[in-house]
Structures are given as structure tokens and as C-alpha cells.
Amino acid sequence: FRDIIDSFYQSYKEDFQNYYLLNWSNTRDGIVFNDFDFVPKFEYELKNEEGLPVFNLFEIKSKEDKGMKHYGKLNNVFELEDWIFKSLIQNKYHRVNYFSDLKPDEYERMPMTFLSFSKYRKAIYDYVYKSNRNAIGGREFDELVFNSIRDDIKRAKEYGIKEKLNYWYSLYNFFHKNNINMASKLKEYQDFVSDLINEKADFELAADEHFAFAAGQVIYYLLSKSKTEDTSFRLMEPYLQKTNCKALQENIADDFARYKHENFSKSFEKVASFVLSYETNQNLKKLQPQLLSGLFAKNQLFSNINKKENQ
């Protein structure tokens with residue numbers, strides 16, 4: 001099916017409408033019909049031939065040459081499936097089967113990804129192969145991304161976490177159908193932390209999202225003081241389970257007391273002061289994207305540190 005689309009769409013794209021799509025498998029027990037449905041129109045291109053750019057906002061390096069990774073653009077729905085959707089629901093063998101029996105053993109140590117696979121595999125199939133653009137919207141995309149990230153945190157997969165954050169920020173507007181430029185939002189959060197460090201921040205303009213991002217920066221810096229072998233990933237989980245501001249602040253204060261014999265930068269002290277004094281009634285689960293962003297974005301609190309910290 002994919003070969004047919006790739007070969008003929010450019011010349012006959014007006015003909016890719018009002019047809020029946022039959023999906024079948026040739027098994028040991030004979031032919032199995034997985035799906036048979038009417039498709040009013042197949043949408044191959046993603047955005048008026050412009051493509052969707054994916055940005056390396058979290059500065060991950062290419063596994064091949066160790067240089068800064070460059071993503072380029074997603075030009076069609078099959079690239080969206082290969083790059084994004086499959087990475088969010090694939091099993092430990094890096095495979096996705098839209099019609100197989102559900103096999104939890106193939107998602108060992110990936111319970112949240114298995115939940116996404118079970119819940120959204122049909123929606124993703126309908127989105128890609130039937131052009132049902134209502135099957136996956138902003139809420140579904142957010143759940144897919146952050147379910148996968150939660151599993152990556154448990155497995156200490158920093159590369160995977162940063163890659164999925166790149167996907168979320170780059171494609172947020174496409175799935176949420178709004179005019180919010182999340183890439184510029186991330187820069188706004190980073191600039192706010194910089195202003196805190198340089199004592200230029202306007203606290204009246206500080207929103208809950210700024211607090212959550214700054215808290216992520218503080219938490220990462222604190223956990224870097226840990227001497228345990230598995231350092232920050234296991235220690236991050238208690239923070240990610242918090243639902244209110246005061247509980248998060250108490251956790252930060254406890255860890256600060258635990259590592260108080262270590263050296264701390266002036267940058268950390270300024271940002272931590274803001275984080276520990278901030279007040280909000282917001283459920284922190286709604287701010288988890290910003291908290292995770294602060295955890296895994298370039299950390300600005302290691303600046304202005306003494307020689308001992310550099311060792």
C-alpha cells in the first residue's frame with residue numbers, strides 16, 4: 001500500500017478518494033482480514049507540501065557522528081508514522097503491529113508504552129492509513145509522548161527522553177491546532193531562568209509554567225550532587241509523582257539539606273530561592289511537560305561555579 005501511494009500520488013493524487021481499504025495478513029491458518037473500511041479521501045501530505053520541521057531543541061547528538069543531530073522535515077504521513085508514532089508505541093523489539101494480539105511481555109519495563117499501544121494503535125492506524133485526522137489530536141499526542149517518556153525515565157534512557165521532548169515541542173501546534181509556538185515558549189522559559197540568575201526577572205510576569213521549568217533546573221542540579229551510581233533518574237521519580245507545589249518544594253528542601261555539605265553555585269541559589277517561595281494551586285501533573293523540560297534542557301545553574309564544582 002505504501003509503495004502504491006509513493007509511486008502514484010504525485011501524478012494521481014486527485015484519485016485517492018472514495019475507495020475501500022482492505023488490510024489482510026497471510027498467516028499459517030490462511031488469509032486473515034484485519035480491516036475493511038471506506039476512505040473518503042487519503043491525505044498523503046502533512047501540511048500543504050511544506051512539511052513539518054522537527055527541531056533539536058534539547059541539543060542531542062547524532063549517534064552516528066556525535067555531531068548535533070539534524071532532523072529536517074516530516075513531509076508525508078508515512079514519515080510521521082515512522083519517525084513519531086512508531087517511536088511512541090513500539091515494543092522492546094522496535095516493532096509495531098496494529099492487529100496482533102496484545103502481548104504485555106513484549107513491553108517489558110514499558111508499562112506506560114504498552115498502555116499507549118493498547119489504547120491508541122487503532123487510532124494511529126486510522127490516522128495514517130484512512131486519513132482520520134480526528135483520531136489523534138492534542139490530548140492524545142500529549143499522552144503518547146509523556147507515557148513513553150515516563151518509561152524512558154524508569155529505564156534511564158536520556159537520549160529517548162530528549163528526543164521525545166523535541167517531538168513534542170516541534171509538533172505541538174500541528175496536533176493541538178492552535179497558534180502557540182512551543183519552541184519559542186521553551187526559549188521563554190530558559191530566558192526567565194537566565195533573568196533570575198542575572199537578577200532581572202519580572203516576578204509579576206512569572207507564570208506556573210516558568211516555575212515548573214525553573215524547578216526542573218533546580219532538581220537536576222540538586223540530583224547531580226548525588227554520589228549514588230544510578231544518580232538522577234531513580235531519584236527523579238519522587239518529584240514527578242508530586243501533585244502540588246508545597247509537596248514539591250518540601251522534596252527540594254529535603255534534598256538540599258541532604259547535600260548541604262556540597263558546594264552550590266550562586267546561580268542555583270538565586271533560582272532555588274524563586275522556586276521555594278513560589279505559590280500556586282495548580283495540579284503539577286498539568287505542568288509536567290515544563291518540569292521535564294527543565295530537567296532535561298541545558299542546565300544554566302552550573303554557571304558561576306567555583307573550581308571544585310568544575311572537577
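**Entry 1: the nonpolar patch**

I began with S2, which gives the most to the nonpolar patch, with four residues. I note here that the model is predicted. I then listed the members of this surface patch: Tyr 20, Leu 22, Trp 24, Ile 31, Phe 33, Phe 36 and Phe 38. Together they make about 820 Å² of nonpolar surface. S1 and S2 are the elements that give two or more residues to the patch.

**Entry 2: the two strands**

Next I looked at how the strands meet. S1 covers residues 17-27 and S2 covers residues 30-41. They run antiparallel, and ten bridges join them. A hairpin of two residues links S1 to S2. Trp 24 and Phe 33 are both in the nonpolar patch. I kept one general point in mind: side chains in a regular strand alternate between the two faces of the sheet.

**Entry 3: Tyr 20**

I picked one patch member to look up. Tyr 20 sits in strand S1. Is Tyr 20 buried or exposed? Its relative accessible area is 55%. Tyr 20 counts as exposed because that value is over the 50% cut-off.

**Entry 4: the largest pocket**

I moved on to the pockets. The largest pocket has a volume of about 400 Å³. It is lined by 17 residues, and those closest to its centre are Gln 90, His 94, Asp 152, Arg 155 and Lys 164. Which elements give two or more residues to the lining? I found helix H4 (138-154) and helix H5 (158-176). H5 gives the most, with five residues.

**Entry 5: positive phi**

Last, I looked at backbone angles. Most residues other than glycine have a negative phi. I noted two residues with a positive value.

Arg 109 is not a glycine, yet its phi is positive, at about 65 degrees. I placed Arg 109 in the loop between helix H2 (77-89) and helix H3 (111-129). Its relative accessible area is 53%, so Arg 109 is exposed.

Lys 177 is also not a glycine, and its phi is positive, near 55 degrees. Where is Lys 177 found? It lies in the loop between H5 and helix H6 (182-197). Lys 177 counts as exposed because its relative accessibility is 61%, and the cut-off is over 50%.

Notes:
Residues are numbered from 1 along each chain as its sequence is written. This is a predicted model: local features need pLDDT of at least 70, side-chain atom pairs count only at pLDDT 80 or more; totals for chains, interfaces and linings use all residues. Side-chain values use heavy atoms; hydrogens and water are left out. Two strands pair if DSSP finds at least two bridges between them. Patches are made of residues with over 30% relative accessible area and no salt bridge: like charges are joined within 9 Å, nonpolar side chains (Val, Leu, Ile, Met, Phe, Trp, Tyr) within 5 Å. Accessible areas come from the Shrake-Rupley method with a 1.4 Å probe; for residues, only the protein chains shown count as cover. A salt bridge is a side-chain nitrogen of Lys or Arg within 4 Å of a carboxyl oxygen of Asp or Glu. Buried means under 20% relative accessible area, exposed over 50%, partly exposed in between (1.4 Å probe, protein chains only). On a 1 Å grid over the protein atoms alone, a cavity is a set of points where a 1.4 Å probe fits but cannot get out, and a pocket is an open set with protein on both sides within 12 Å along at least five of seven lines; lining residues have an atom within 4 Å of a point. Grid points are joined across faces, edges and corners, and a volume is the space filled by probe spheres set on the points.
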